[in-house]
Amino acid sequence: MKLFVYGSLKRKERLNPCLEDSLFLGVGKIKGILFDLGAYPAAIEKMTDRLIEGEIYEVSDRVLRNLDQIEGNPNYYIRKLVKEEISSEKVWVYFMPNKNLPCRAKLLFKGVWKSATLSGS
């Protein structure tokens with residue numbers, strides 16, 4: 001299965017080891033709106049032309065089940081199958097429902113998130 005990640009699961013980010021031996025396939029983009037919540041981001045699924053940049057991995061069922069627990073699927077984040085915009089292939093993505101988005105969330109206009117550690121903040 002293919003998984004699109006846009007935050008703390010990306011390479012060099014703190015939760016990337018949770019992907020274990022998953023195969024990195026490359027970079028990708030999906031439609032949606034990205035918010036910075038501080039320690040991690042949240043993607044909101046919207047009918048929009050905005051794009052979120054991330055990475056695509058080939059993951060096992062076991063890794064996906066583990067990530068479901070880490071991401072709080074289906075209560076905090078919801079995992080959905082969507083079209084990746086470069087390849088047009090279907091990828092799994094963790095979206096945050098609007099009702100879970102904190103009011104302190106900052107819109108990331110460019111659709112790219114980096115942790116404070118990597119961005120030097």
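I begin with a definition: a residue is called buried under 20% relative accessible area, exposed over 50% and partly exposed in between, using a 1.4 Å probe and protein chains only. By that criterion, 44% of the 121 residues of the protein are buried.

As to provenance, this is a predicted model, in which local features need pLDDT of at least 70, side-chain atom pairs count only at pLDDT 80 or more, and totals for chains, interfaces and linings use all residues. Residues are numbered from 1 along each chain as its sequence is written, and side-chain values use heavy atoms, with hydrogens and water left out.

Let me turn to the overall form. The protein contains two helices and eight strands, where helices (H or I, at least four residues) and strands (E, at least two) are DSSP runs numbered from the N terminus. Their order from the N terminus is β-β-β-β-β-α-β-β-β-α. The radius of gyration is 13 Å, which agrees with the value near 14 Å that a compact globule of 121 residues would have; it is taken over C-alpha atoms, and the globule rule is 2.2 Å times the number of residues to the power 0.38. The C-alpha trace spans about 35 × 30 × 25 Å along its principal axes.

Next, helix α1, residues 61–71. Which residues of helix α1 are buried? They are Val63, Leu64, Leu67, Asp68 and Glu71. These residues lie on the same side of α1, because they cover an arc of only 145° around the axis, the arc being that of the directions from the helix axis to the C-beta atoms. In general, an α-helix has 3.6 residues a turn, so residues three or four places apart point the same way. Arg65 and Gln69, on the other side of α1, are exposed. The buried residues of α1 pack against β1 (2–5), β6 (78–83) and β7 (90–95), with contact meaning heavy atoms within 4.5 Å.

Finally, the backbone. Most residues other than glycine have a negative phi, and most peptide bonds are trans. After α1 comes Gly72, with a positive phi near 70°. Asn73 and Pro74 are joined by a cis peptide bond with omega about 10°, and Pro74 sits in the loop between α1 and β6. Lys12, not a glycine, has a positive phi of about 70°; Lys12 belongs to the loop between β1 and β2 (23–31) and is exposed, at 73% relative accessible area. Ser88 likewise has a positive phi, near 65°. Ser88 lies in the loop between β6 and β7 and is partly exposed, with 46% relative accessibility.
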